[in-house]
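Please consider the structure shown here. A short report on selected local features accompanies it.

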Number of protein chains: 2
Amino acid sequence: MAPRALDYESLNENVKKVQYAVRGELYLRASELQKEGKKVVALCQAPFLLDDPNVGLFFPADAIAKAKHYLAMTIGGLGAYTDSRGMPGVRKEVADFIERRDGYPSDPELIFLTDGASKGVMQILNTIIRGESDGILVPVPQYPLYSAAISLFGGSLVPYFLEETANWGLDVNDLRQSVAQARSKGITVRAMVIINPGNPTGQCLSEANLREILHFCYQENLVLLGDEVYQQNIYQDERPFISARKVLLGMGPRVSKEVQLISFHTVSKGYWGECGQRGGYFEMTNIPPKTVDEIYKVASVSLSPNVPAQIFVSRLAHSVVMGLMVNPPKPGDISYEQFIRESKGILESLRRRARMMTDGFNSCRNVICNFTEGAMYSFPQIRLPPKAIDAAKRAGKVPDVFYCLKLLEATGISTVPGSGFGQKEGVFHLRTTILPAEEDMPEIMDSFKKFNDEFMEQYEGHGGYSRL
Amino acid sequence: MAPRALDYESLNENVKKVQYAVRGELYLRASELQKEGKKVVALCQAPFLLDDPNVGLFFPADAIAKAKHYLAMTIGGLGAYTDSRGMPGVRKEVADFIERRDGYPSDPELIFLTDGASKGVMQILNTIIRGESDGILVPVPQYPLYSAAISLFGGSLVPYFLEETANWGLDVNDLRQSVAQARSKGITVRAMVIINPGNPTGQCLSEANLREILHFCYQENLVLLGDEVYQQNIYQDERPFISARKVLLGMGPRVSKEVQLISFHTVSKGYWGECGQRGGYFEMTNIPPKTVDEIYKVASVSLSPNVPAQIFVSRLAHSVVMGLMVNPPKPGDISYEQFIRESKGILESLRRRARMMTDGFNSCRNVICNFTEGAMYSFPQIRLPPKAIDAAKRAGKVPDVFYCLKLLEATGISTVPGSGFGQKEGVFHLRTTILPAEEDMPEIMDSFKKFNDEFMEQYEGHGGYSRL
């Protein structure tokens with residue numbers, strides 16, 4: 001019998017080409033604080049509870065008021081489709097959030113809610129990519145959503161390297177080289193992805209760096225796709241998160257009115273990451289109305305984003321830049337004081353954890369690690385001795401996978417090898433989260449150090465890598 | 001300045017080609033019965049409520065037990081990602097449901113939960129379609145998800161016509177002709193879509209017809225995509241819903257072991273349609289493990305289906321074929337009696353409404369209408385007089401759009417013109433739902449009849465179309 005359409009050999013080759021070794025199963029669950037928000041969603045799921053005369057015994061007054069607010073936005077509760085772009089009321093709240101954050105007004109008509117940020121990124125890449133000669137600039141290391149989606153839609157990934165020795169900064173000269181190299185292969189670079197704060201690299205881009213990037217996009221006629229899903233996870237004060245949009249709108253009229261920007265955000269991160277809800281949004285800047293119509297049309301093929309998550313997007317929109325929720329609850333609301341106290345405590349604890357982890361890695365033989373400025377990951381470089389690389393090859397493993405497997409076996413610590421994100425030739429990393437409980441952190445880092453130093457001893461003998 | 005990647009003229013042409021005039025904003029909300037289920041989901045959204053000593057005052061014992069059941073399946077509640085295929089416990093319940101329905105065991109590893117059926121259909125079409133020479137057989141009239149997704153992924157839609165005079169049945173000879181015609185244009189037909197019960201056409205395919213279709217797929221080496229989202233909306237006893245899978249597995253070993261089938265279902269329909277939740281699943285039959293791995297990999301790019309909807313899928317899985325929920329609540333459960341009584345009442349009322357609507361349309365001048373056997377739509381043919389067609393052309397409208405606009409203006413009745421679904425040249429329809437309240441139905445049909453008969457009088461004068 002001839003191959004059938006769903007036999008492996010006859011599948012869409014773009015599907016097979018997709019690389020997706022990593023699944024982001026590690027997520028921020030820094031808090032059990034969200035009870036008030038969850039009560040609101042619970043009431044929205046079962047709105048008839050609001051008619052129960054005893055509802056006030058079980059739910060606080062502010063949760064009841066907010067549930068009524070959201071239910072009034074829907075057409076018949078959470079079980080009905082909304083507009084394919086999401087509920088207008090929530091999109092207005094997102095626009096208000098963006099305006100508060102950036103200091104420039106935002107138009108709700110240019111904000112589309114999505115089933116998580118990934119779905120938005122995929123839709124936009126599908127809109128841009130027309131074939132394999134369309135290139136997208138993607139950072140290396142990168143969160144592999146980008147490589148996977150570009151493969152799936154049949155485009156070309158054009159890599160640019162982040163500079164580890166410059167705290168994972170981005171050198172515009174390297175960008176130019178990447179574009180020139182792509183051109184020499186007949187690829188037209190059409191868009192550029194930035195992940196800020198970085199995943200897996202944890203850096204925050206400076207305002208100056210963002211200006212350079214935007215100017216480069218202007219010169220090269222590139223759409224900028226700003227993955228800003230970790231904007232509320234910042235662990236230092238020196239380099240706050242600044243949105244690409246804020247920098248863009250502050251530039252001269254040529255650049256600020258010309259560069260096409262799409263920014264992505266999600267409810268899965270922040271202090272109250274709710275990744276299982278699958279909620280997010282993208283905002284479009286300088287995108288022509290006819291293109292917005294096309295994006296709307298394609299969004300409408302899948303009818304509407306899921307409605308419960310739209311409420312989580314609204315709650316996200318009520319948070320201020322530093323991640324403290326301001327509207328739900330507001331000063332004066334019943335649960336406000338506790339809320340502020342506890343959320344500040346979480347932020348400070350996460351900063352201490354980021355510091356303990358960075359310092360812990362840097363105290364290990366042949367390990368160097370940049371500080372986690374944002375996002376939720378530590379991404380140390382592991383300088384594997386040649387004998388370890390040989391041993392990995394004999395075992396049929398990529399060297400960093402070999403190291404991470406040994407680490408898992410010896411300590412139970414589960415990490416993601418750097419090869420899942422891309423890295424320079426012959427350089428190895430692993431990604432781990434800074435989320436373990438603060439009280440567990442010393443033991444985890446001791447356990448790591450013991451494993452690592454024994455591993456290095458085994459494959460290198462006395463004397464560090466640097467002395468080879 | 002050169003066109004930028006998100007300027008309209010430089011978008012992916014496949015995006016522009018997508019046709020999507022219709023959004024299924026009309027949905028089954030036949031019931032406010034789901035309170036018990038909604039209470040379960042409410043408790044799952046705010047699981048700490050279970051620790052409140054007063055929880056039993058506000059929530060019934062069976063809702064509390066079921067919420068605990070679902071929470072035990074998750075990894076930390078609804079706010080955490082699940083496996084990209086959905087929670088194993090829910091997939092097992094879906095497999096049990098399918099086995100009860102069809103009488104053949106089903107493997108949970110071959111069931112993937114999705115954010116609604118549409119997302120599943122899109123993923124599978126993306127997996128199959130390699131380029132424009134890959135053809136997909138799609139019924140006409142069709143739900144426009146199929147034409148839209150095939151455009152978006154750059155494939156070719158190969159239409160086959162449903163036969164209105166045979167109650168929207170499907171003639172395999174027509175299928176053969178469609179395939180032959182496609183071949184003559186260099187298109188390889190790789191898959192076939194059936195929508196059963198039909199949307200917008202409302203027919204249920206007979207077992208004999210399904211056998212013919214499956215045999216045809218075997219002969220032509222086609223994957224069968226079975227859109228069975230309305231399987232729980234059946235309004236007559238003569239022709240029950242039979243799944244393509246049940247028929248396939250009852251055929252001889254060659255066919256039953258060879259034909260690749262993917263079946264789609266959703267939580268958006270049925271008596272308790274929860275379309276805003278965006279939940280669904282697909283089940284794969286005769287799909288090789290390597291292909292399943294590829295589909296799993298691509299599903300994992302968007303991390304996981306939204307988790308609240310997975311609970312709605314579980315509840316769907318507990319329903320029996322005729323749409324009566326059996327497990328939640330079960331006989332003996334507190335809310336069982338009322339549940340059965342009310343759900344039977346809804347079913348009977350929907351049957352009466354389907355009958356009133358069909359009879360109403362058939363009593364109108366130049367209108368003929370098949371009975372709605374399943375799904376939730378009535379799809380009458382409107383035989384527009386030549387003068388009406390001319391008037392539409394002068395107004396720059398498609399003739400059925402012209403008619404539906406006049407209907408809306410005159411009566412407030414909102415319908416979808418048949419041209420949104422495809423129809424034979426020169427034949428016109430409209431789609432409307434059978435969901436208006438039973439007590440409103442006589443007035444609606446009177447109002448329609450008055451409008452229609454005046455319209456026909458205006459454009460035709462005395463004497464019916466048939467006498468022309």
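Predicted model: local features only at pLDDT ≥ 70, side-chain atom pairs only at ≥ 80, totals over all residues.

## Helix α17 of chain B

Helix α17 of chain B covers residues 441-460, 20 residues in total. From its first C-alpha to its last, α17(B) reaches 28 Å, close to the 28 Å expected at 1.5 Å a residue.

The buried residues of α17(B) include B:Met441, B:Met445, B:Phe448, B:Phe455 and B:Tyr459. Seen down the axis, the buried residues of α17(B) fall within an arc of 135°, so they line one face of the helix. An α-helix has 3.6 residues a turn, so residues three or four places apart point the same way. On the other side of α17(B), B:Glu443, B:Asp446, B:Lys450 and B:Gln458 are exposed. Just after this helix, B:Gly461 has a positive phi of about 70°.

## Packing of α5 and α13 in chain B

The axes of α5(B), residues 88-102, and α13(B), residues 307-317, come within 8 Å and cross at roughly 25°. The two helices are therefore roughly parallel to each other, and their crossing is left-handed. Residues in contact include B:Val90, B:Val94 and B:Phe97 from α5(B), and B:Val313 and B:Leu316 from α13(B).

## Backbone features in loops

Most residues other than glycine have a negative phi, and most peptide bonds are trans. In chain B, the bond from B:Asn196 to B:Pro197 is cis, with omega near -5°, and the bond from B:Asn199 to B:Pro200 is cis, with omega near 10°. B:Pro197 lies in the loop between β4 and α9 of chain B, where B:Pro200 is also found.

In chain A, A:Trp168 has a positive phi near 60° and counts as buried at 3% relative accessibility.

Terms used: Residues numbered from 1 in each chain as written. Chains lettered and ligands numbered in written order. Heavy atoms only, no water. Helix = DSSP H or I, 4+ residues; strand = E, 2+ residues; numbered from the N terminus. Expected span 1.5 Å × (residues − 1). Buried < 20%, exposed > 50% of the residue type's maximum accessible area, 1.4 Å probe, protein only. Arc of directions from axis to C-beta. Axes fitted to C-alpha atoms, helices over the stretch in contact; angles between N-to-C directions. Parallel < 35°, antiparallel > 145°, perpendicular 65-115°, else oblique. Left-handed = near helix turned anticlockwise from the far one by under 90°. Contact = heavy atoms within 4.5 Å.
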